[in-house]
Amino acid sequence: MKIIGTGAAHPTCSVTNEMLEKFLDTSDEWITERTGIKERCVISSEKLEDMAVAAANKALEDAGMTAADIDYIICSNVVNEYVTPALSCIIQGKIGATCPTVDINAACAGFIFAMDIAEDKLQCKKAKNILIVCAEEPSRMVSWQNRSTCVLFGDGAGAAVVTAGDELKAIRLTTSSLTDVLYYQRKLEPTPYISKDENFEPLVMRGREVFKHAVTSSCRDIRKLLNETGIDANDIKYYVLHQANRRIIDSIRNFLGVEEEKVPHNVERYGNISSAALPALLDELNRGGKLHKGDKLVFSAFGAGFTTGACIIEWAK
Ligand code: ACO
């Protein structure tokens, strides 16, 4: 597998920490110090599907392809306005593709899980060109009265076009069922027969536990991949990490002993946009001219589940 195009789209409404101070018992100082986040883009008038489509079209253009060249679409999404049809079906119609599509939910690690499926499809020659779209609106899962969670998230979409190649050097996925540290339950329609208790509450997160799992698992995954491939850590151009929180990013960097300039971040501008964070940051590096053919990149992400995904790729463009 190799990545041949990237794209991203963010909502127009940017909410600064100062704006949050107006209705929450919080401060720019607390949020900046604990998370590094200064602002986040949240959905207002847009639909998530439109951002997904915008990101997808940019990735197609970057790849020099049209929707007709795509023969499989994988959409990573945790929540959107539709339970059914899948978001990937909506994206397919709006970009004008005709191929099969599927949605996956591996939370914030969704991009790497999608890459893994894409690699398998390409390996067994069931597809030639695959579009991965990660589109997320976590701002709709949190209570905006809860200062512990709503300050952390933003909305957005990131996309990548992948095709056959041997640039994916290694990939590692894990799931460990740890469902009480981070969850959000959807409210379902009542029936005349429901007799069990059903709770509906906004996103629940045990922040400190998530923090520890995130740092430990990301360091473990990255070390395993470097060992497995024999690639020298010094030869990695960038460590493209899930953008959940600047302190998590810095802790991973410190434990791995990596220089600051090798760990790009944009969490300060977008907050945590779940699985869209990684392809959106990759797109920023790509369009900013920071990537060159042959550069070795590490990706690592972690999310609710608890899921983790990491891989090493060589930049192909
Ligand atoms: N403003 C001001 N005070 C706050 C805020 C806020 N926005 N949020 C929490 N506090 C208060 C708490 O109420 C608490 O007050 P108390 O001592 O009077 O009870 C105090 O700050 C400390 O709260 P903690 O939760 O212990 O603070 P902590 O230092 O752990 O920071 C944070 C909280 C930022 C959530 C941290 O735990 C964290 O970064 N966790 C990782 C979670 C994360 O990034 N999740 C992203 C989603 S998951 C994913 O992408 C994998």
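Colleague: At what angle do α6 and α7 pack, and how far apart are their axes?
Modeller: In this predicted model, helix α6, which covers residues 207-229, packs against helix α7, residues 246-256, at an angle of about 40°, and their axes lie 9 Å apart. That makes α6 oblique to α7, and the crossing of the two helices is right-handed.

Colleague: Which residues meet there?
Modeller: From α6 the contact takes Phe211, Ala214, Val215, Ser218, Cys219, Ile222 and Arg223, and these meet Arg247, Ile248, Ser251, Ile252, Phe255 and Leu256 in α7. Sorted by class, the residues of this contact are nine nonpolar, two polar and two charged.

Colleague: Switching to pockets, what volume does the largest one have?
Modeller: The largest pocket has a volume of about 640 Å³. It is lined by 28 residues, and those closest to its centre are Ser148, Leu152, Met205, Gly207 and Asn245.

Colleague: Which elements give two or more residues to that lining?
Modeller: Those elements are α2 (28-35), α6, α7 and β12 (296-303), with α6 giving the largest share of the lining, four residues.

Colleague: And how does the lining divide by class?
Modeller: The lining of the largest pocket has 14 nonpolar residues, together with nine polar and five charged ones.

Colleague: Back to helix pairs: what about α3 and α4, at what angle do they pack?
Modeller: Helix α3 (residues 48-63) and helix α4 (residues 87-95) pack at about 55°, with 9 Å between their axes, and that makes α3 oblique to α4. Their crossing is right-handed.

Colleague: Now the backbone. Is the peptide bond from threonine 84 to proline 85 cis or trans?
Modeller: The bond from threonine 84 to proline 85 is cis, with omega near 5°, and proline 85 sits in the loop between β4 (72-76) and α4.

Colleague: What joins glycine 305 and phenylalanine 306?
Modeller: Glycine 305 and phenylalanine 306 are joined by a cis peptide bond with an omega of about 10°, and phenylalanine 306 has its place in strand β13, residues 305-314.

Colleague: Last one: is the phi of lysine 125 positive or negative?
Modeller: Lysine 125 has a positive phi of about 60°, although this residue is not a glycine, and lysine 125 lies in the loop between α5 (110-123) and β6 (129-136).

Definitions and conventions: Residues are numbered from 1 along each chain as its sequence is written. This is a predicted model: local features need pLDDT of at least 70, side-chain atom pairs count only at pLDDT 80 or more; totals for chains, interfaces and linings use all residues. Side-chain values use heavy atoms; hydrogens and water are left out. Axes are lines fitted to C-alpha atoms, for helices over the stretch in contact, and angles run from 0 to 180 degrees between N-to-C directions. Angles under 35 degrees count as roughly parallel, over 145 as roughly antiparallel, 65 to 115 as roughly perpendicular and the rest as oblique. A crossing is left-handed if the near helix is turned anticlockwise from the far one by less than a right angle, and right-handed if clockwise. Contact means heavy atoms within 4.5 Å. Ala, Val, Leu, Ile, Met, Phe, Trp, Tyr, Cys and Pro count as nonpolar, Asp, Glu, Lys and Arg as charged, and the others, Gly among them, as polar. On a 1 Å grid over the protein atoms alone, a cavity is a set of points where a 1.4 Å probe fits but cannot get out, and a pocket is an open set with protein on both sides within 12 Å along at least five of seven lines; lining residues have an atom within 4 Å of a point. Grid points are joined across faces, edges and corners, and a volume is the space filled by probe spheres set on the points.
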